[in-house]
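Here's a quick briefing on ring pairs and helix packing. Have a look at the model first, then read on.

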Amino acid sequence: MGSPVREICTPGSKWGDEYKESCRLGEATVSKETDWQGSAKATALRLVPTRHRVNHDVLMARVVRQVKDKRVLKLIRRYLKAGLMEGGVASARTEGTPQGGPLSPLLSNILLTDLDRELERRGHRFCRYADDCNIYVGSQRSGQRVRAAITVFLERRLKLKVNAEKSAVARPWQRKFLGYSMTWHRQPKLKIAPTSRERFTEKIRKTLRAARGRGLQQVIEQLNPLLRGWMAYFRLTEVKGVLEELDGWLRHKLRTLLWRQWKRNHTRARNLMRAGLDEQRAWQSATNGRGPWWNGDASHMHAAYPKSWFDRMGLVSLLDTQRRFSLVS
């Protein structure tokens with residue numbers, strides 16, 4: 001392995017994508033930056049430059065400042081000029097950077113270093129991760145003024161267009177950054193943003209739909225990597241109620257899956273008795289005429305298959321995993 005040609009190491013509240021802990025550092029800084037005068041007064045300005053409008057000449061002029069090897073510069077230029085394939089038709093790329101590779105966020109950091117220095121020169125509190133930047137000011141009016149000034153700076157100095165749909169001036173707890181949001185208290189706490197939770201539950205639904213017809217143990221084995229990875233990313237959350245709700249929702253889904261798989265009343269009654277319910281309650285529950293979703297959250301399924309049963313089956317608990325992370329850190 002050769003030594004890196006360029007490492008992102010500039011002052012200010014920003015980190016490069018190549019660092020393993022960079023995202024967590026960015027998340028932790030969000031709460032620190034909004035705590036400077038109480039989040040009830042702070043306003044978050046979110047600016048998101050559009051990557052597909054990056055001017056190649058402007059970008060390369062900044063890359064040259066950091067990289068002196070002409071072979072590397074030539075390779076980067078060829079990377080930027082790589083053609084696009086749309087609808088089976090190849091076309092030349094005149095602006096923007098190819099997405100999906102490790103070089104794209106690195107180039108974004110090099111390009112937006114000028115933005116970091118400008119924000120520091122103006123004395124603003126900010127947190128940037130790749131091309132996603134939050135600036136913290138004291139009022140809505142200040143946010144609008146800073147937004148206009150920084151938009152002009154990006155357009156004139158870096159030839160970048162700001163994504164109007166993703167950029168906004170709002171209270172910090174009304175916006176998200178790196179999948180996180182925060183509470184509205186004077187001492188704000190990091191929490192999982194609602195949109196992040198929605199994307200996660202949709203992934204769970206897709207996994208469960210794809211796993212229909214398989215045994216519960218196989219389903220749990222498919223879910224566990226997703227649960228561990230998601231919780232590892234959101235390990236800094238300080239609001240535990242969401243994790244408890246998601247754990248309960250997932251166990252509800254799995255109990256519903258069991259109820260569907262049993263299909264017949266006598267199979268349901270037999271399995272409930274095997275799980276510890278007495279015969280009378282098992283038969284009453286099996287013949288109640290309710291649907292799978294209702295039964296998945298009913299008292300008889302909770303009694304037969306409590307959290308401890310799922311723990312023995314090896315199902316990862318988001319709340320328990322977060323607590324273990326807290327103990328380690």
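This is a predicted model: local features need pLDDT of at least 70, side-chain atom pairs count only at pLDDT 80 or more; totals for chains, interfaces and linings use all residues.

**Ring pairs**
- Trp309 pairs with Tyr305 in an edge-to-face arrangement, 4.7 Å centre to centre and with 75 degrees between the planes.
- Tyr305 is buried too, at a relative accessible area of 7%.
- In total, the structure has nine aromatic pairs.
- Another of these involves Trp259 and Trp262, whose ring centres are 6.0 Å apart; their planes sit at 55 degrees, so this pair counts as tilted.
- Those two tryptophans, Trp259 and Trp262, are three residues apart in helix H8 (residues 241–262), which means about one helical turn separates them.
- Both Trp259 and Trp262 are buried.
- There's also a cluster held together by ring pairs, made up of Tyr180, Phe200, Trp230, Tyr233 and Phe234.

**A charge over a ring**
- Arg290 lies over the face of Trp294, 4.7 Å from the ring centre.

**Helix packing**
- H8 also packs against helix H6 (residues 194–210), with the axes 12 Å apart and an angle of about 20 degrees.
- Angles under 35 degrees count as roughly parallel, so H6 and H8 are roughly parallel to each other.
- Their crossing, H6 with H8, is right-handed.
- On the H6 side, the contact residues include Phe200, Ile204 and Leu208, while H8 contributes Leu246, Trp249 and Leu250, among others.
- Phe200 turns up in the ring cluster as well as in the H6 side of this helix contact.

Note on methods: Residues are numbered from 1 along each chain as its sequence is written. Side-chain values use heavy atoms; hydrogens and water are left out. Rings of Phe, Tyr and Trp (its six-membered ring) pair if their centres lie within 6.5 Å; planes under 30 degrees apart count as stacked, over 60 as edge-to-face and the rest as tilted. Helices (H or I, at least four residues) and strands (E, at least two) are DSSP runs, numbered from the N terminus. Buried means under 20% relative accessible area, exposed over 50%, partly exposed in between (1.4 Å probe, protein chains only). A charge sits over a ring if NZ of Lys or CZ of Arg is within 6 Å of the ring centre and within 35 degrees of the ring normal. Axes are lines fitted to C-alpha atoms, for helices over the stretch in contact, and angles run from 0 to 180 degrees between N-to-C directions. Angles under 35 degrees count as roughly parallel, over 145 as roughly antiparallel, 65 to 115 as roughly perpendicular and the rest as oblique. A crossing is left-handed if the near helix is turned anticlockwise from the far one by less than a right angle, and right-handed if clockwise. Contact means heavy atoms within 4.5 Å.
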